[in-house]
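Please look over the notes below alongside the model.

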Amino acid sequence: MRHLLYLVFLLCFCFGFSQDGDVPKQYTLDVSQYYGSVLLHNPDISHLITDHPGGIIVGFNRKRFGHEDWEADLGYPDTGFSFVYQDMNNTTLGKHFGLYAHYNFYFFKRNLQFRVAQGIAYNTNPYDRTENFRNNAYGSHLLSSTMLMFNYHKENIVAGLGFKAGISLIHYSNANFKAPNTSTNTIAFNFGLTYDLEKDGTFEYLVPEAKEKITEPIRYNLVLRGGANESDVINMGQYGFAIVSAYADKRLGNRSAIQLGTDVFFSNFLKELIRYQAISFPELDVSPDTDYKRVGVFLGHELFVNKLSVVAQLGYYVYYPFDFEGRMYNRIGLKRYFGDKIFGAVTLKSHGAKAEAIEFGIGVRL
């Protein structure tokens, strides 16, 4: 259910800046086949890399022509949705069916396309301690998934048809909602066709009028985040967590702001992990009374895109009584503003490439 809410939140982000009246609309379709390899990002999954996965990527895109300020500022990207089918060609890992929201960014006279997509995938054969104990990559059917595509892209060559070719990276993980969660990363070559649904239409990219640079005083933010996750110990169970964040931000222009703040983490899975290690592994010298709470300070950046923004933060635990994945942590995700002050957020908190949790938050910017 958490992951379904995650998907709904993402789709709401997209629809939230797609309903823009009677401006011209141009839509395209693309279909690509891909074939690649699973990267050995962790030696614990070496026994699962036995063959080359392959599949199909289908995209539905809406062109943007500068009718909103953010469109021109970001080079007139497309917004849209992707569907991905992936056969891991390994009975232990099964197959994936994924739905994503995406942006397509363009470079070099719009001949190079970079797609960034985030969504949810369904895996057909996750870990089961009796039926599928070898699958330590996926602990649940529902997985968070990220896709990156970098393609040479040429549209409407003949009768609306074009082609694209390049490389893709597809990541599957449940963000430690349920162990095991070693995850997989697939790098692949892809080749496909595009079709312009408005092949006879002509649309012009609007040149934005000069506008004043946004200047603001320092703003203060308070965010409450929550969710559920599990330690790496299989079958330890999911536990709820809460995070209270307070930070200041300063606008650097129309699209960017820097952040400086602090997080207080109340992670109940650590409470259970401390108890488990104190009883089962006395050689670790963990006291059962060790505090499970953590306090961090972080530096961040926010990219504003209309009511949507992208956040990235790098933090360091200043209060760290129990050692779990190191003192450095990072957070990346999306925010959606509802008015001038209230916002919702979906973020991934991790330690390097090791995910800890998907966080759902609500906050206020004063």
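1. Helices (H or I, at least four residues) and strands (E, at least two) are DSSP runs, numbered from the N terminus. Residues are numbered from 1 along each chain as its sequence is written. The model is predicted, so local features need pLDDT of at least 70 and side-chain atom pairs count only at pLDDT 80 or more, while totals for chains, interfaces and linings use all residues.

2. A159 lies in the loop between β6 (142–158) and β7. Its phi is near 50 degrees, a positive value in a residue other than glycine. A159 counts as exposed because its relative accessibility is 55%; exposed means over 50% relative accessible area, buried under 20%, and partly exposed in between (1.4 Å probe, protein chains only).

3. D285 also has a positive phi, near 55 degrees, and is not a glycine. The residue sits in the loop between α3 and β12. With a relative accessible area of 70%, D285 is exposed.

4. The peptide bond from A179 to P180 is cis, with omega near 0 degrees. P180 belongs to the loop between β7 (161–173) and β8 (184–196). Most peptide bonds are trans, and most residues other than glycine have a negative phi.

5. Helix α3 (residues 268–280) has 13 residues and should span 18 Å at 1.5 Å a residue; its end C-alpha atoms are 19 Å apart, which agrees. The expected span is 1.5 Å times one less than the number of residues.

6. Which residues of α3 are buried? They are F269, L270, E272, L273, I274, Q277 and A278. Their cover includes β9 (219–229), β10 (239–251), β11 (256–267), β12 (294–305) and β16 (354–365), where contact means heavy atoms within 4.5 Å.

Terms used. Side-chain values use heavy atoms; hydrogens and water are left out.
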